[in-house]
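Hi,

Here is the structure I promised to pass on. Have a look at it first, and then read my notes below.

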Amino acid sequence: LPEPESYIGADEVAERLGMSLDWVYERAKSGELPSFKLPGGRRRFRYSVVQQAIERFREGPQIPRLRRA
């Protein structure tokens, strides 16, 4: 059987990404960093999604290359 997915809190996400807690909450609210809210209002993030975000941030923004005529 596959292992169950791990979940982490916003504070750990902020630490892993090297960003502020406010930044994490803003991205969660916008949907850029998918999460779900517990009944008490705390957010949880899937560990695998956070790992993917770390890889995207390491790669940097994708800048389209201009063609030369």
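**What I found**

Going along the sequence, the protein runs β-α-α-β-β-α. Its radius of gyration is 15 Å, well over the 11 Å that the globule rule gives for 69 residues, so the protein is more spread out than a compact globule. Do keep in mind that this is a predicted model.

For the overall dimensions, picture a box of roughly 55 × 35 × 20 Å along the principal axes, filled by the C-alpha atoms. The protein exposes about 5,900 Å², with carbon and sulfur atoms supplying 49% of that. Of the 69 residues, 23% are buried. As for contacts with a separation of 6 or more, 49% of them are between residues 24 or more positions apart.

Now for a spot on the inside. Ala53 sits in helix 3 (residues 47–59). Its relative accessible area is 0%, so Ala53 counts as buried, the cut-off being under 20%. Which residues does Ala53 touch, leaving aside neighbours within four places in sequence? They are Leu17 and Leu33. Leu17 is 36 residues away from Ala53 along the chain, yet their C-alpha atoms are separated by 8.2 Å.

And one on the outside. Tyr7, Phe36 and Leu38 make up a nonpolar surface patch, and together they have about 260 Å² of accessible area. Leu38 belongs to the loop that links strand 2 (36–37) and strand 3 (43–46).

Cheers

Notes
Residues are numbered from 1 along each chain as its sequence is written. This is a predicted model: local features need pLDDT of at least 70, side-chain atom pairs count only at pLDDT 80 or more; totals for chains, interfaces and linings use all residues. Side-chain values use heavy atoms; hydrogens and water are left out. Patches are made of residues with over 30% relative accessible area and no salt bridge: like charges are joined within 9 Å, nonpolar side chains (Val, Leu, Ile, Met, Phe, Trp, Tyr) within 5 Å. Accessible areas come from the Shrake-Rupley method with a 1.4 Å probe; for residues, only the protein chains shown count as cover. A salt bridge is a side-chain nitrogen of Lys or Arg within 4 Å of a carboxyl oxygen of Asp or Glu. Helices (H or I, at least four residues) and strands (E, at least two) are DSSP runs, numbered from the N terminus. Buried means under 20% relative accessible area, exposed over 50%, partly exposed in between (1.4 Å probe, protein chains only). Contact means heavy atoms within 4.5 Å. The radius of gyration is taken over C-alpha atoms; the globule rule is 2.2 Å times the number of residues to the power 0.38.
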